[in-house]
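Hello,

Here is the structure I promised to pass on to you.

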Amino acid sequence: MSEFQPTRDAGLSRLQDFLPQAGFNYTKKRNFDLPGHAEVSRLSPYLRHRIITEEEVLKAVLKQHSANQAEKFIAEVCWRTYWKGVLQLRPSLWTMYQADLNAAWNLVQTNGGLRADWEAACKGETGIACFDHWAHELAETGYLHNHARMWFASIWIFTLRLPWVLGADFFLRHLLDGDPASNTLSWRWVGGLQTKGKTYLARPDNIEKYTGGRFKPEGLADVAVPLDGPELPPTGPVPTGDVIPTNGKIGTLVTDEDLSADPAFANADCCAILRPQTRFGPLQTASHVVTFKGACLDDFADRCDVPITHVNDVDGILSWAADAGLDCVVMWIAPTGPTADKLRDLRSRLAENGMSLSVQIRPYDNLAWPRATHGFFRFKDVIPKLLAGVS
Ligand SMILES: Cc1cc2nc3c(=O)[nH]c(=O)nc-3n(C[C@H](O)[C@H](O)[C@H](O)COP(=O)(O)OP(=O)(O)OC[C@H]3O[C@@H](n4cnc5c(N)ncnc54)[C@H](O)[C@@H]3O)c2cc1C
């Protein structure tokens with residue numbers, strides 16, 4: 001049985017169990033990738049789908065620790081918020097990734113050498129013991145420790161010399177927390193595309209130390225020259241939320257981007273749940289990811305006390321909204337990524353049918369995302385305000 005039970009209760013109990021460790025212990029031990037991963041929270045599959053929100057986690061942490069004691073853990077949670085903001089402000093990084101992935105996938109199909117190397121990496125058959133171990137761990141559990149993700153991505157790019165987008169795709173298809181922002185931008189960061197001139201090099205002694213001596217690879221690349229890529233695109237407008245109309249009939253649309261505790265917005269008469277996608281690129285997503293997302297949506301449905309309809313796409317949403325006689329569909333924002341892509345026409349299609357769409361953005365996101373214009377160092381200035389908002 002997976003250690004990640006797809007329920008809000010399981011996420012909350014994991015949070016409670018981890019809280020005592022979120023202070024000094026996390027600061028000291030968070031970089032160790034040891035069997036069981038007890039040094040880190042393993043909350044990411046819950047946070048990624050907002051089964052529990054960053055705000056809930058930060059609030060709970062501040063009840064047991066001062067902001068100073070839990071500084072490292074708080075900063076890590078804020079990295080998730082930061083990457084989401086970066087991708088909201090620069091959505092073309094997602095479209096560039098998709099285009100580059102399609103191009104790399106075409107190459108895999110036409111270049112036998114690349115195909116063999118890519119397959120060996122995905123199957124964990126490269127002969128680099130640590131890398132092969134992480135490839136198996138990811139495929140079997142849907143989770144990797146942050147340090148393992150960094151080493152894996154670095155070896156993929158600089159030692160195996162495989163296209164980074166294929167590695168990012170391998171992660172996105174297998175991680176239970178697979179996230180367009182954290183994943184795409186972290187891979188870009190390792191390869192030197194996100195922070196100009198800065199790359200991440202996996203070093204044997206670092207791997208040996210932080211895996212408790214389990215691995216000491218030989219033959220890794222000893223330099224990491226930044227990958228070539230275009231300059232970062234300029235930041236676009238900050239997304240703004242809509243008001244919820246006070247008159248008329250309202251229904252809630254729920255996606256696996258936000259399964260937080262408040263299932264229906266006030267006044268909503270009914271709820272539609274968008275079935276999770278099974279594909280984020282040319283290849284099918286791993287079955288454990290599809291099953292996890294589906295079960296998280298079922299858990300959400302169990303918590304919801306208005307009538308539920310399951311829908312597959314924009315056409316399904318329109319039929320549900322028309323049948324229910326809705327005037328307005330309300331939803332939490334689907335941040336840049338596959339769900340937002342799928343719902344791109346929703347507003348105009350609803351309008352054509354005399355209905356409106358009201359997209360809601362949490363005050364937390366509203367405060368944080370516009371500040372993700374530069375590096376994380378500058379973004380850190382907003383953390384005290386985020387903490388003040390949750391406590
Ligand atoms: C190449 C690469 C790919 C990644 N892909 C993803 C991804 O698809 N989805 C994803 O959620 N995270 C991704 N991360 C970030 C990070 O590795 C995971 O969030 C973290 O390992 C989750 O484990 P945890 O919950 O035990 O983390 P903890 O160490 O307990 O941290 C607590 C929380 O802080 C956040 N967090 C921690 N580290 C980071 C980080 N570096 N960046 C962003 N948020 C962070 C997560 O929400 C995490 O649950 C990636 C990192 C790298 C280097």
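How many residues surround the ligand, and which are the closest? Before you look, please keep in mind that this is a predicted model. The ligand is surrounded by 28 residues, and the closest are Tyr26, Ser41, Arg80, Tyr143 and Asn146.

As for the place itself, the ligand sits in the largest pocket. Domain 1 (8-89 + 368-390) and domain 2 (92-210) both contribute residues to the shell around the ligand, so the ligand lies between these two domains.

Next, the helices. At least two residues of the shell come from each of helix H3 (44-48), helix H5 (71-89), helix H9 (146-159) and helix H11 (180-191). H5 gives the largest share, with six residues. Sorted by class, the shell holds 15 nonpolar residues, along with seven polar and six charged ones.

In Asn146, a side-chain N or O atom is 2.7 Å from an oxygen atom of the ligand. For Glu76, the distance from a side-chain N or O atom to a nitrogen atom of the ligand is 3.1 Å. Asn183 also has a side-chain N or O atom facing this question of distance, at 3.2 Å from a nitrogen atom of the ligand. Taken alone, the ligand exposes 810 Å², and the protein buries 96% of that.

Happy exploring, and do write back with any questions!

Best wishes

Conventions:
Residues numbered from 1 in each chain as written. Predicted model: local features only at pLDDT ≥ 70, side-chain atom pairs only at ≥ 80, totals over all residues. Heavy atoms only, no water. Near = heavy atom within 4 Å. Polar contact = N/O pair within 3.5 Å; in protein donor to acceptor, adjacent residues only side chain to side chain. Areas by Shrake-Rupley, 256 points an atom, 1.4 Å probe, with all protein chains shown as cover. 1 Å grid on protein atoms, 1.4 Å probe; cavity = no way out; pocket = protein on both sides within 12 Å on 5 of 7 lines; lining within 4 Å. Sits in = over half its atoms within 2 Å of the grid points. Helix = DSSP H or I, 4+ residues; strand = E, 2+ residues; numbered from the N terminus. Nonpolar A, V, L, I, M, F, W, Y, C, P; charged D, E, K, R; others polar. Domains from an automatic or database assignment.
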